[in-house]
Amino acid sequence: MPDPIPSGAVAASPKPSAGRSRPRPPKPNYKHIHRFPLPISVHPLPPLIPHNPLSVISVALSYLTYIISPPHHEVYSAYFDTATSSVHVTDEKAIRALWEMGFFGKGNLSRSEPSWLEREKKRRGLLGGNTSEEITGKRRSERRELKLERARMEKLAIQQRLEAEAAAKKGSISPDGDTLPAPTNGPTNGTIQPAEKFSLRKAREARYLESQRLVRPDTETSTVNVPAEDKSPNGKTVRFSPVVQQMQFASDPDSLRLSDSVVDESKTTGEEPVLRNEEHLQLSNEEAFFLAYGLGVLQVFDERRSVIPISSLFSLFCQHSCFPARDSSEIEPDDPFIISYVVYHHYRSLGWVVRSGVKFGVDYLLYNRGPVFSHAEFAVVVIPSYGHPYWSETPERRNKTASKQERSWWWLHCVNRVQSQVKKSLVVVYVDIPPPAASDAKDDIGAQFRRYKIRDISIKRWVPNRSRD
């Protein structure tokens with residue numbers, strides 16, 4: 001059985017469809033599921049009001065409760081995979097906790113949220129409801145059906161226009177006469193001008209009416225058979241995509257479900273199938289080090305199943321920051337892992353939900369509350385800055401640092417254009433690289449991070465017709 005929906009979930013309004021209305025299933029109560037911003041246990045204190053003696057008693061009782069029953073500090077386990085240079089969490093309880101409290105990691109078999117088990121149960125008919133991937137796929141299929149329906153209607157209008165022009169050329173009907181049928185989407189001067197705006201509701205209604213005409217035997221003659229290639233009397237040829245020509249729309253979206261052949265055989269025998277969750281939570285090195293070093297809620301094991309200390313974990317992540325991994329344990333001040341982690345720790349400490357931005361061509365995406373609540377508002381690009389005099393003392397250092405920090409205007413224009421298309425504000429973050437530290441100070445990780453400084457700049461794309469004043 002599917003998990004019960006927590007109290008407070010609000011059901012969406014019914015969604016109209018062709019011929020009938022079907023209510024949408026209630027959404028999960030994300031405010032309750034993701035009520036904790038980080039996977040840590042806290043013990044809040046009541047406010048202390050000096051002129052109210054009862055507040056002093058409430059504070060004393062809170063301290064007494066903390067001493068008698070302190071909050072449980074949960075520590076989750078993970079292992080480092082050298083093949084993927086990432087950290088994996090296999091415990092189901094730890095996976096749900098890290099995702100629900102802070103949106104850490106991603107499912108290795110999912111797009112973002114670990115939902116492979118729910119999708120597999122739904123595929124086998126063991127679970128009701130829709131997962132996030134299925135909702136996204138359904139929305140994309142509906143958009144694709146809308147485009148195909150619009151192309152089909154435009155094709156039908158062109159055919160009607162060609163038939164009218166052919167009849168007018170034969171002299172049966174005058175081209176300028178009133179008896180000429182005016183199509184709903186007729187072309188003007190060789191181009192198609194839609195008379196009305198197509199919508200998904202109209203496309204569904206058109207598919208439903210067409211399916212009803214196909215079902216009735218007495219209306220078979222009213223269906224229009226449109227060839228893949230129409231030729232007008234003056235020699236013009238109109239071609240359409242084979243997908244538009246061969247596409248047949250289903251009158252009911254439920255007909256797109258999987259066939260019975262993919263259902264598990266145990267369903268027919270009456271035995272309850274047992275599914276093992278094969279999905280892992282894949283953490284990036286920055287997320288794993290923030291959980292282990294910044295919060296202390298994660299311990300990482302190596303291949304020999306021994307816990308990796310924080311100092312060794314820091315060196316390990318620095319070695320795997322490049323591909324292939326470096327063999328030397330010498331850590332440079334401008335190591336890619338250090339630069340990216342400084343930015344990640346900075347925005348996480350400010351309350352932002354930091355996710356990978358590789359699909360938008362940036363380093364990070366900043367969410368106000370999380371991916372399930374809204375889209376990312378800012379896209380972050382990290383650039384190292386070598387402003388310290390140490391990096392400009394010799395020509396070798398100047399040439400080396402110039403190649404690492406320079407970016408072309410073409411690159412900036414491309415990244416900014418992509419973020420404008422997806423309605424995100426581009427933030428360029430400069431990380432000031434300090435000179436190499438002394439050998440005795442390299443063991444203190446906190447002292448190394450305090451030497452770095454961050455400068456962030458928000459960039460917006462300038463549009464001439466919108467910025468005239």
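Predicted model: local features only at pLDDT ≥ 70, side-chain atom pairs only at ≥ 80, totals over all residues.
Residues are numbered from 1 along each chain as its sequence is written. Local features need pLDDT of at least 70, side-chain atom pairs count only at pLDDT 80 or more, totals for chains, interfaces and linings use all residues, and side-chain values use heavy atoms, with hydrogens and water left out.

Me: Which residues does the UniProt annotation "active site" cover?
Reply: The annotation comes from an unreviewed UniProt entry, and such annotations may be inferred rather than shown by experiment. The annotated residues span 58 residues in sequence, yet no two of their C-alpha atoms are more than 10.7 Å apart, so they gather at one spot.

Me: Is Y367 buried or exposed?
Reply: Y367 lies in strand β13 (residues 364-367), strands being DSSP runs of E with at least two residues, numbered from the N terminus. Buried means under 20% relative accessible area, exposed over 50% and partly exposed in between, with a 1.4 Å probe and protein chains only. Because its relative accessibility is 10%, Y367 counts as buried.

Me: How are α9 and α10 oriented, roughly parallel or roughly antiparallel?
Reply: Helices are DSSP runs of H or I with at least four residues. Helix α9 (residues 285-295) and helix α10 (residues 310-319) pack at about 170 degrees, on a scale from 0 to 180 degrees between N-to-C directions of axes fitted to C-alpha atoms over the stretch in contact. Angles under 35 degrees count as roughly parallel, over 145 as roughly antiparallel, 65 to 115 as roughly perpendicular and the rest as oblique. Therefore α9 and α10 are roughly antiparallel.
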